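This report goes through one protein chain for a reader who has not seen it before. Please look over the sequence and the structure before reading on.

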Amino acid sequence: MPKFDLYDGHRDLMAHLKGFCSKMRGAGGKEELLMAYFRLSLRGTALEWYTRQDHSIWYTWDDLVQAFACHFQYNHEIVPDRLSLTKIEKKPSESFREYVFRWREQAARVDPPMKESEMVDYFLQALEPTYFGHLVSAICKSFNEVVKMGGMVEEWLKSNKIMSYSAIKTTTQAIQNVEENFHPVGESYTNLFHRLRQLDMLRPIESKLPNPPPKNLDYSMSCEYCSGTLGHDTEKCWHLKNAIQELIDTNWIEVQTPEAPNINQNPLPIHQEINMIETVH
Ligand SMILES: [Zn+2]
């Protein structure tokens, strides 16, 4: 009696069938013998499946193999090709190293084998945008160097030295959403602030830099509304935009924008800003 490798329903079924047949051939395997012994090469879910079947409908070995292959075909091993390598993504739960290991395992199975430069090429294409952006310059380097750089990017992400692409996207979208919620003022926020300040409707607010200040703070900009606080300019100041929006929402000021021309068809061109805003109260 040949000693079979037992198939549990999870591995490559073609490999199992080949192995089984070659062992049976050694034992002078006829079709009836193949059918009789096949059961002995199964265990676990595969054996469970086998015992549940109606064996009376299997007249030939082919019938049995067909039923077996139909049921377990999802295990038929697909050898990765070059393109499929670019679709192996890093799971959020795995470290960069684990991901590289998994990716490289698949890359090793590609036929014909890849050169190192080709492997780097495909690996970069598989990376998510954050890693891709930081590693694309490594295109001419060795695979190991790329892996080392990837590890660094992972560290930077963890220590918040860099922002992930998806976080940047979310932030940008959030900013856009907020900006869309601001009523267009038809002139620059800086100008509007100057005029509202003259009318004593807005005064600069106390604003302090967070301590420690953000690493990427741009010290060349300062905001008049935030009493000269560095890092952003008056035009982009959220506090100012919010304050002006508040004045609009509470009807303290009325802004007439080119999109919403004033009802008297005021013929003055829009750059005559004094006509763009009226104090209601
Ligand atoms: Zn400000």
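## Overall make-up

The model is predicted. Its secondary structure comes to 12 helices and four strands. The protein has 281 residues, and 16% of them are buried. Among contacts with a separation of 6 or more, 54% are between residues 24 or more positions apart.

In soluble globular proteins, nonpolar side chains tend to be buried together. Here the largest nonpolar core has 14 residues, and the members touching the most others are Trp103, Phe123, Leu135 and Val146. Two or more residues of this core come from each of helix H6 (96-107), helix H7 (116-126), helix H8 (129-135) and helix H9 (143-158). H6 contributes the most, with four residues.

Phe123 is in contact with Trp103 and Val146, when its neighbours within four places in sequence are left aside. There is also a second, separate core, made of 13 residues, including Cys223, Tyr225, Cys237 and Leu247.

## Helix H9

The 16 residues of H9 should span 22 Å at 1.5 Å a residue, and the C-alpha atoms at its ends are 23 Å apart, which agrees. Val146, Val147, Gly150 and Val153 are buried in this helix. Viewed down the axis of H9, the buried residues fall within an arc of 115 degrees, so they line one face of the helix.

What do the buried residues of H9 pack against? They pack against H6, H7 and H8. The face of H9 turned away from the buried side carries exposed residues, namely Asn144, Lys148, Glu155 and Lys158. Just after H9 comes Asn160, with a positive phi of about 60 degrees.

## Helix H4

The same check can be made on helix H4 (residues 61-72). At 1.5 Å a residue, its 12 residues should span 16 Å, and its end C-alpha atoms are 16 Å apart, which agrees. Leu64, Phe68 and Phe72 are the buried residues named in H4. Because the buried residues of H4 fall within an arc of 45 degrees, seen down the helix axis, they line one face of the helix.

Those buried residues of H4 pack against helix H1 (13-26), helix H2 (31-38) and helix H3 (44-52). On the face of H4 turned away from the buried side are the exposed residues Asp62, Gln66 and Cys70.

## How H6 meets H9

Two packed helices are described by the angle between their axes and the distance between the axes. For H6 and H9, the angle is about 145 degrees and the axes are 9 Å apart.

On the H6 side, Phe96, Arg97 and Val100 take part in the contact, and they meet Val147, Gly150, Gly151 and Glu154 in H9. The residues of this contact divide into three nonpolar, two polar and two charged. Val147 and Gly150 are also among the buried residues of H9.

## Lys208 in its loop

Lys208 lies in the loop between helix H11 (189-198) and strand E1 (222-223). Is Lys208 buried or exposed? With 9 other C-beta atoms within 10 Å, Lys208 is exposed, because a residue counts as exposed at 12 or fewer. From Lys208 to Gly228 there are 20 residues in sequence, and the two are 9.6 Å apart in space, C-alpha to C-alpha.

Methods: Residues are numbered from 1 along each chain as its sequence is written. This is a predicted model: local features need pLDDT of at least 70, side-chain atom pairs count only at pLDDT 80 or more; totals for chains, interfaces and linings use all residues. A nonpolar core is a set of buried Ala, Val, Leu, Ile, Met, Phe, Trp, Tyr and Cys residues joined through C-beta atoms within 7 Å. A residue is buried if 20 or more other C-beta atoms lie within 10 Å of its own, exposed if 12 or fewer, and partly exposed in between; C-beta atoms are placed from the backbone. Two residues are in contact if their C-beta atoms, placed from the backbone, lie within 7 Å. The expected span of a helix is 1.5 Å times one less than its number of residues. The arc is that of the directions from the helix axis to the C-beta atoms. Axes are lines fitted to C-alpha atoms, for helices over the stretch in contact, and angles run from 0 to 180 degrees between N-to-C directions. Ala, Val, Leu, Ile, Met, Phe, Trp, Tyr, Cys and Pro count as nonpolar, Asp, Glu, Lys and Arg as charged, and the others, Gly among them, as polar.
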